[in-house]
Amino acid sequence: MLLLVAVAVVALVLQVRHDSTEEARNRSLAVAEAFANAPGTREALSASDPTAVLQPRAEAARVGSKVDFVVVMNTDGIRYTHPERDRIGKKFIGTLGPALAGKPFTEEITGTIGPLVQAVVPVKADDGSVVGLVSAGITTEKVGGVGDRQLPLLLAAAAAALVLALVGTALVSRRLLHQTHGLGPFEMTRMYEHHDAVLHAVREGVLIVGGEGRLLLANDEAHRLLDLPQDAEGRHALELGLDKDTAELLASGRVVTDEVRLVGDRLLAINQRPTDLKGGPAGSVATLRDSTELRALSGRAEVARERLRFLYDAGVGIGTTLDVTRTAEELTEAAVPRFADFAAVDLAETVLSGEEPDAQTPLRRAALNGILKDAPLYPVGERIGFAASTPQAHSLGTGEAVVAPDLGNAHGWLADDSERATEVVEYGMHSLLTVPLRAGPLVMGVAHFWRSENPEPFDEDELALAEELVARAAVSIDNARRYTREHTMAEALQRSLLPRNLPEQGALDIAYRYLPAQAGVGGDWFDVLPLSGARVALVVGDVVGHGLHAAATMGRLRTAVHNFSALDLPPDELLGLLDELVARIDQDEATDDGSAAITGATCLYAVYDPTTRRCSVARAGHPPPAVVRPDGSVDFPEVPAGLPLGVGGLPFETAELELAEDSRLVLYTDGLVEDRERDIDVGLELLRSALTGAGRSPGDTCQAVLDALLPPRPSDDIALIVAGTRALGPDRVAEWRVPSDPAAVGEVRGSVARQLTEWDLDDMAFTTELILSELVTNAIRYGQGPIQVRMLLDRSLICEVFDGSNTSPHLRYAATTDEGGRGLFLVAQLTDRWGTRYTPAGKVIWTEQPLA
């Protein structure tokens with residue numbers, strides 16, 4: 001419609017222009033001829049003043065004829081008349097040649113008044129000569145009125161037609177979009193092309209049959225499967241040359257699902273459905289599949305599926321633990337009876353211990369499984385050697401799998417152990433498959449598979465399946481071997497770092513238990529450290545993590561605690577030094593990702609003094625201690641937790657506990673009371689219940705706790721210490737106040753002698769008097785009051801001198817000319833140990849002498 005309207009408008013414009021031009025030609029020519037032939041025109045040209053005569057006439061003719069000008073001129077083109085009087089006498093603009101030749105002439109020009117048509121007509125004398133010229137002109141604008149009147153009408157009609165066309169187009173488009181489900185012509189064409197391409201490309205035959213039973217469409221595969229004629233479309237199904245049953249099925253349109261029919265030499269699976277279920281046209285569509293090839297493919301696919309399922313189940317069942325022997329057993333369990341009737345795994349002895357094998361390492365049977373238990377095969381645990389001619393030796397030497405399909409004729413295998421080989425053949429085993437267990441370049445052993453019940457020998461496909469199975473198992477065995485090696489090394493390192501024997505001391509009756517985690521060696525540790533003054537320090541710690549790094553870190557911390565405890569520091573100060581040490585270790589060893597940091601180590605440090613029955617305890621992020629009172633009641637004293645070692649930022653605090661004699665102090669690590677399935681609060685309540693009860697020894701208490709709280713498979717190390725408290729009675733303690741007077745040394749010596757006599761230690765009197773004389777003299781001379789002497793009778797004789805100064809004496813070697821400086825040297829020679837211990841009020845110089 002747009003095109004039609006445009007064409008109509010252009011045609012009208014062209015027609016109007018043509019008509020206007022013709023009208024202008026005719027009118028201008030008629031006016032010019034009429035004026036040229038009018039009476040008096042010729043005579044006026046020969047008058048003395050032609051303008052005076054002709055100008056009024058020309059203007060009257062112009063007005064009357066409605067032209068734009070009527071100009072009379074001589075043969076030279078000089079105007080006698082013109083509507084604009086100032087142009088009279090000037091040269092006429094236009095073509096004069098034809099008119100001077102005696103012929104009227106019209107032309108289109110663009111003058112000062114716009115586009116116009118002017119006619120030039122000759123004025124002739126009687127003899128036919130041209131005596132003048134008359135020109136009349138009119139603009140085309142004045143003769144276009146009809147076209148202008150027609151154009152609006154035409155445009156209005158075109159607009160109305162266009163609106164009607166748009167409305168009609170919208171309605172038709174809407175109907176088409178509804179019928180084509182919103183698809184345009186391009187999409188419809190593309191969809192048809194795709195449908196046609198897919199229809200003829202699929203490997204299933206497709207038939208569309210109309211409601212009357214005529215074949216409407218058949219793709220290429222249907223033509224091939226049914227051997228249809230080229231002109232099959234449009235013919236009735238009964239006329240296609242098919243067997244009667246198949247033709248009647250297609251013509252009936254009844255619903256069938258995977259109905260198998262023999263068509264020629266093919267077994268076809270036919271599915272047929274009606275096409276008018278959702279308002280579609282009447283008829284049916286049938287699909288055909290060649291089940292002959294499908295059944296062969298499905299058989300091979302089923303075999304492949306079964307093998308993949310077997311490998312998947314084996315992959316899930318093999319390697320569930322990090323135990324070499326158990327992994328080998330899982331391999332034999334996976335193979336029997338789904339793959340073989342009997343299976344065995346022989347591993348190098350070094351593999352069983354976690355080491356790498358070599359060619360000279362003997363093999364030992366690690367696993368054996370079969371459908372019967374009385375097979376004449378090497379039992380588990382027996383060392384095995386194979387002759388060079390056997391398939392096993394070939395597999396071990398070359399790293400390749402070997403099949404012996406007929407054991408009765410396998411002379412190389414029979415030569416190894418003829419008696420046992422004969423028994424194996426007589427037992428019914430007829431086929432052997434041997435696969436080496438390889439992990440990279442390492443050959444760790446060999447796996448054997450025998451068949452007896454299955455009459456078919458192993459083939460090449462089963463050889464590939466066995467290689468895949470054993471390769472997966474070999475990875476798990478190698479992982480277990482590596483874990484065994486690392487676990488053994490870490491456990492050896494850990495046990496070498498833990499105390500092997502408890503030191504002798506009389507303040508505590510100690511029992512302990514240490515249980516490493518099943519999943520890996522951790523960093524739990526404990527220690528018992530005798531201190532000066534018959535005191536004993538107990539320490540329990542835990543380094544977060546498992547493995548060699550945790551065990552090594554535990555050893556470093558234990559060594560540091562040994563060194564710091566020798567300084568006789570209070571528990572909070574010792575933990576502060578340990579915290580700084582861990583922070584320095586973190587800074588020295590931390591990598592970019594922080595993997596080497598040991599922050600997370602916890603520690604509890606307790607010092608028990610049997611003379612006062614007081615216990616000083618401080619902890620750094622460690623679980624609190626438990627105290628079992630003599631009456632059997634249990635409580636968890638309030639000991640400030642503190643931050644784990646290495647975190648820093650806050651000082652540690654010490655709690656003072658007063659323990660009655662025969663109390664039990666229980667220290668432990670978090671592996672005892674906390675795991676993935678048990679919250680720590682629940683664990684503490686279970687610990688309270690297990691500890692409750694009087695009259696039990698520390699050893700019995702340890703066993704009761706483990707029986708109640710130990711999980712079946714601990715995921716973390718467990719360290720447990722139970723310390724029964726003892727008290728050093730008043731009869732084993734002697735104290736004297738000493739005035740700051742050198743004369744008091746003699747009184748001290750006398751008091752010491754009397755006390756030693758009371759303790760039946762007269763033979764130690766001289767040495768002890770000498771030691772205390774030197775220490776008291778030093779305290780009087782270099783220290784400050786108050787001065788006090790204390791002797792303790794424990795596993796050794798302990799002498800202590802207290803004074804109020806913080807200066808510590810130093811051992812030095814005196815020259816032969818020096819009069820002093822030999823006192824501490826004598827003290828060091830006469831005692832087992834001596835040292836200085838600082839207190840809030842000063843210091844203590846102490847010595848220990850062995851009892852005779």
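This is a short walk through a few parts of the structure shown above, which is a predicted model.

Let me begin with the sheet, where 6 strands are arranged in the order β12-β11-β10-β15-β14-β13, with antiparallel pairing, and the sheet is open. Its edge strands are β12, residues 383-384, and β13, residues 402-404, and each of these pairs on one side only. As a reminder for those new to this, strands of a sheet pair through backbone hydrogen bonds, and they may run parallel or antiparallel. Within this sheet, β10, which covers residues 342-348, and β15, which covers residues 442-451, are paired in the antiparallel sense over 6 bridges, and if you look along that pair you will find V345 standing opposite A447 in β15.

Which helix packs on this sheet? That is helix α12, residues 391-398, which touches β11, β13, β14 and β15, and whose direction makes about 25° with that of β14.

Now please turn to helix α10, which runs over residues 324-335 and reaches 17 Å from its first C-alpha to its last, close to the 16 Å expected for its 12 residues at 1.5 Å a residue. At the start of α10, a side-chain oxygen of D323 comes to within 3.3 Å of the backbone nitrogen of T325. Several residues of α10 are buried, among them V324, T327, L331 and A335.

Not counting residues up to four places away in sequence, T41 touches F35, A36, L54 and R57.

The other residue is G283, in strand β9, residues 283-290, and G283 is also buried, since its relative accessible area is 16%. With the residues up to four places away again set aside, G283 touches V209, G210, G211, P274 and T275. Finally, G283 and G213 are 70 residues apart in sequence, while their C-alpha atoms are 7.5 Å apart in space.

Terms used:
Residues numbered from 1 in each chain as written. Predicted model: local features only at pLDDT ≥ 70, side-chain atom pairs only at ≥ 80, totals over all residues. Heavy atoms only, no water. Helix = DSSP H or I, 4+ residues; strand = E, 2+ residues; numbered from the N terminus. Expected span 1.5 Å × (residues − 1). Buried < 20%, exposed > 50% of the residue type's maximum accessible area, 1.4 Å probe, protein only. Polar contact = N/O pair within 3.5 Å; in protein donor to acceptor, adjacent residues only side chain to side chain. Pairing = 2+ DSSP bridges. Contact = heavy atoms within 4.5 Å. Axes fitted to C-alpha atoms, helices over the stretch in contact; angles between N-to-C directions.
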